[in-house]
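Thank you all for making the time. Please have a look at the sequence and the structure on the screen before I go through a few parts of them.

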Amino acid sequence: MVKKSWIKIALCVCLLAAAIFTEDINHLISFALYLAAYLVVGYDVVMKAVSNIMRGKVFDENFLMSLATIGAFSIRTYPEAVSVMLFYQLGEMFQSYAVNKSRKSIAQLMDFRPDYANLLTEKGEEKVDPYDVEIGSLILVKPGEKIPLDGVVEKGSSTVDSSVLTGESMPKDVTEGDEILSGCINLNGLLTVKVTKEFGESTVNKILDLVENAGNKKSKSESFISKFAAVYTPIVVIAAVILAVVPPLFIEGAVFTDWLYRALNFLVVSCPCALVISIPLSFFGGLGGASKDGILIKGSNYLEMLSQAKTVIFDKTGTLTYGIFEVSEINPVNITESELLTYAAYAESYSNHPISVSLKKAYGKEIDKTVLSDVEEIPGCGVSAVVKEKRVLAGNSKLMKKFNIDFNEKPYIGTVVHIAVDNEYKGFIVISDKIKETTAEAVSKLKSDGITNIVMLTGDVKAAAEKVGEELGIDNIHYELLPTDKVKITEDIIKNHNGKVIFVGDGINDAPVLALADIGVAMGAVGSDAAIEAADVVIMNDDLTKLSLAIRICKKTIGIVKQNVWFALIVKFGVLILSAFGKATMWAAVFADVGVSVIAILNAMRALKVDSLNKQ
């Protein structure tokens, strides 16, 4: 599409140059070349104006452009007629170039939709479409497979990755009797699951529906030019008609052809060329300036909405925090911190569970596995191992109770790993998520940029959510949420708060809310493909302070747009009044058209300069 536009513009320029060159040689050939150039670049605009008139939509920018340029042809100002349409098409191309980078179909990227289910029948295991599985059926979920339907574990134990649903990267242990949701990934054990919901009602299918429906709920921001033209065009046309008809009727000696000439000249001057070029160019400059700083904004309408934002909703894990769990506390009992961490790391050394990885990373030394023996994983509890001829238990409170270890159980923010050596309690280690270094600064900047309502949504537990909220100064916190909860809360916020609503997230589970919010912002470096495609803005380097920068860029861009609008209108109305009284020379008309356009374009280019905004 862009290539076709460039070809059309290049052909028009060549024809226009040839027409100007042949003016003094052959007027007929010159006119034919002007007409050809006009049709090449303006045919679709004229046809669109005609089509809109047939549908009752008369006063838009297409009608004004067509009327002004046809008027220019009628008074034989051919170069102006072609140039005005050429400039208009260039402006439209700038606009469409940015919009063409808009998101693709979200549903195609939802690769967490399960393709099959292993149905257990009297004949054995059978691979079937999830839609064909009935409630009460037994399905087999093997290690590495996506869980196709919601159900309850009938047999087996495993660890499941539920990040696609809750956004929480810490896998969850499941065993017999535990509820399990579709869309999660079974990491290790073999599970027999009794289906409790048909696929149409399953969690994974509801998320897909939410994404598609939320996209439809979002209102499309009208083009600024279209809104402006709807008011400006009828005023200009009515004024031109009055100028052509009224004076000859009421002024003695007034010649109709003279006033018709003035009216047509009035229309040529009134053509909002400066606006139709500079406004899209300002938006394009804002988009380009943002992209230089790693902020991809998928269309000029989102620039306008970002500048009007008053509420920011954050997902927690992977957005405000890293989503990577690390050792945050070591609490030894009658033992040193180093010894406690050593026992824990050795006992967990054979496991690839994220908790085990965190412990080994904190230990930071090579593990001598010759001193290890009798390593046993206890599903849903932890591990038992002999380390340097001592029996070490490392796991949750269930493990301590299972082996009758006396310990003091207290609630902590994060995952607690209790350690016992030779049946004697030796302390515990806390593993928790880490807040990103730039998050507190980002929240502070948003408040200074006029964001009055900052909200955090998370699938995490209350204690962890409140701790993060307290550290960051976020007052409105919602915790233990599934995607459907996030959508409902976001809908309520959109309904009950003034200004535009921004949602910032990074996971597949965030895609429905990203699509629903006025502006969805995805963290691009680590965000899922689905979240990035569902979002309207992508922060490519995951630095949350860029959101504040994006808002400042958008406010600057909208400011430039308003400057160009007022400058163009003041100059044009001044020259229009002079034209109405026959006092405006062609040079004044040229300045009101081309001169104002050049100045407006130069001003629009300032939108590309965003370095100073980085320092605010």
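Let me begin with a term: when I say contact, I mean heavy atoms within 4.5 Å. What you see is a predicted model, in which local features need pLDDT of at least 70 and side-chain atom pairs count only at pLDDT 80 or more, while totals for chains, interfaces and linings use all residues. Residues are numbered from 1 along each chain as its sequence is written, and side-chain values use heavy atoms, with hydrogens and water left out.

With that in place, consider Phe314, which, if we set aside its neighbours within four places in sequence, is in contact with residues including Leu446, Ile454, Phe503, Val504 and Leu547. Phe314 also belongs to the largest nonpolar core, which has 63 residues, and Phe314 is listed there with Ile297, Ile502, Val504 and Leu547 as having the most contacts inside this core. By a nonpolar core I mean a set of buried Ala, Val, Leu, Ile, Met, Phe, Trp, Tyr and Cys residues joined through side-chain atoms within 4.5 Å, where buried means under 20% relative accessible area, exposed means over 50%, and partly exposed is in between, with a 1.4 Å probe and protein chains only. Apart from this core lies another one, of 24 residues, among them Ala347, Ile367, Val392 and Val421.

Next, the strands, where helices (H or I, at least four residues) and strands (E, at least two) are DSSP runs numbered from the N terminus. Strand 21, residues 519-523, has five of its five residues buried, with Ile519, Val521 and Met523 on one side and Gly520 and Ala522 on the other. Two strands pair if DSSP finds at least two bridges between them, and strand 20, residues 500-505, runs parallel to strand 21 and is joined to it by four bridges, with Phe503 having Gly520 as its bridge partner. Strand 21 also pairs in the parallel sense with strand 22, residues 537-539, over three bridges, and there Val521 stands opposite Val537.

Turning to helix 20, residues 545-580, we find Lys546 in it, and Lys546 is buried, with a relative accessible area of 12%.

Finally, how many disulfides does a search of the whole structure find? The search finds zero, a disulfide being a pair of cysteine sulfur atoms within 2.5 Å. Cys12 is buried, at 0% relative accessible area, whereas Cys14 is exposed, at 52%.
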